[in-house]
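Here's a quick briefing on how this chain is held together. Have a look at the model first, then read on.

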Amino acid sequence: FPSHDSSGDTSVEYTGNTITSGTYSFLNFFEFAPQAGTITVEINGQRIQPSQYSVSGRNLVLDLDTLPYDLDPGDIASARYAFVS
């Protein structure tokens, strides 16, 4: 069967302690490994730049040293992306 592009949406509430620096990984954030260049990430509805996060397989890794705010309990990380199925 030929592969086809599909899209995904995911949203996760952060429930840990406040983090002010370094990196934080949302493990298994993506249902499927996203295609590079197709990802839009938002924290509490505010779009963040590709330089402020990275993707490792199905994990979303935030670079808190580049974000203008801390990661606080109750914050919502969400993403829209495309993947090949």
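A polar contact here is a pair of N or O atoms within 3.5 Å; within protein, one must be able to donate a hydrogen and the other to accept it, and residues adjacent in sequence count only if both atoms are side-chain atoms. One to start with: a polar atom of the Thr10 side chain sits 3.0 Å from the backbone oxygen of Phe29.

Before going further, note that this is a predicted model, where local features need pLDDT of at least 70, side-chain atom pairs count only at pLDDT 80 or more, and totals for chains, interfaces and linings use all residues. Residues are numbered from 1 along each chain as its sequence is written, and side-chain values use heavy atoms, with hydrogens and water left out.

**The sheet**

- Strands (E, at least two residues) are DSSP runs, numbered from the N terminus, and two of them pair if DSSP finds at least two bridges between them.
- Four strands make an open sheet in the order S1-S7-S3-S4, with antiparallel pairing; its edge strands are S1 and S4 (46–47), each pairing on one side only.
- S1 (residues 5–13) and S7 (residues 76–84) run antiparallel and are joined by 9 bridges.
- Along that pairing, Ser6 faces Phe83 in S7, and Ser11 stands opposite Ser78 in S7.
- S7 also pairs with S3 (residues 40–43) in the antiparallel sense, over 4 bridges, and here Glu42 stands opposite Ser78.

- Thr10 belongs to strand S1 and is buried, at 16% relative accessible area (buried means under 20%, exposed over 50%, partly exposed in between, with a 1.4 Å probe and protein chains only).
- Leaving out residues up to four places away in sequence, Thr10 touches Phe29, Phe30, Ala77, Ser78, Ala79 and Tyr81 (contact means heavy atoms within 4.5 Å).

**The salt bridge**

- A salt bridge needs a side-chain nitrogen of Lys or Arg within 4 Å of a carboxyl oxygen of Asp or Glu, and by this rule the count is 1.
- Glu42 and Arg80 form a salt bridge, with their closest N and O atoms 3.7 Å apart; the pair links strand S3 to strand S7 across 38 residues.
- Glu42 is buried, with a relative accessible area of 17%, whereas Arg80 is partly exposed at 42%.

**The nonpolar core**

- A nonpolar core is a set of buried Ala, Val, Leu, Ile, Met, Phe, Trp, Tyr and Cys residues joined through side-chain atoms within 4.5 Å.
- The largest one has 19 residues, and Phe26, Leu60 and Leu62 have the most contacts inside it.
- S3, S6 (59–63) and S7 each give two or more residues to this core, with S7 giving the most, at 4.
- Phe26's contacts, beyond residues up to four places away in sequence, include Val12, Leu60, Leu62, Leu71 and Ala77.

**Aromatic pairs**

- Rings of Phe, Tyr and Trp (its six-membered ring) pair if their centres lie within 6.5 Å; planes under 30 degrees apart count as stacked, over 60 as edge-to-face and the rest as tilted.
- The whole structure holds 8 aromatic pairs, one of them the edge-to-face pair Phe29 and Phe30, at 5.0 Å centre to centre and 85 degrees between the planes.
- Both partners are buried: Phe29 at 3% relative accessible area and Phe30 at 0%.
- Phe32 and Phe83 are stacked, because their ring centres are 4.3 Å apart and their planes are at 20 degrees.
- Phe32 lies in the loop between strand S2 (23–26) and S3, and Phe83 in S7, so this pair ties together parts 51 residues apart in sequence.
- Phe32 is partly exposed at 36%, while Phe83 is buried at 6%.
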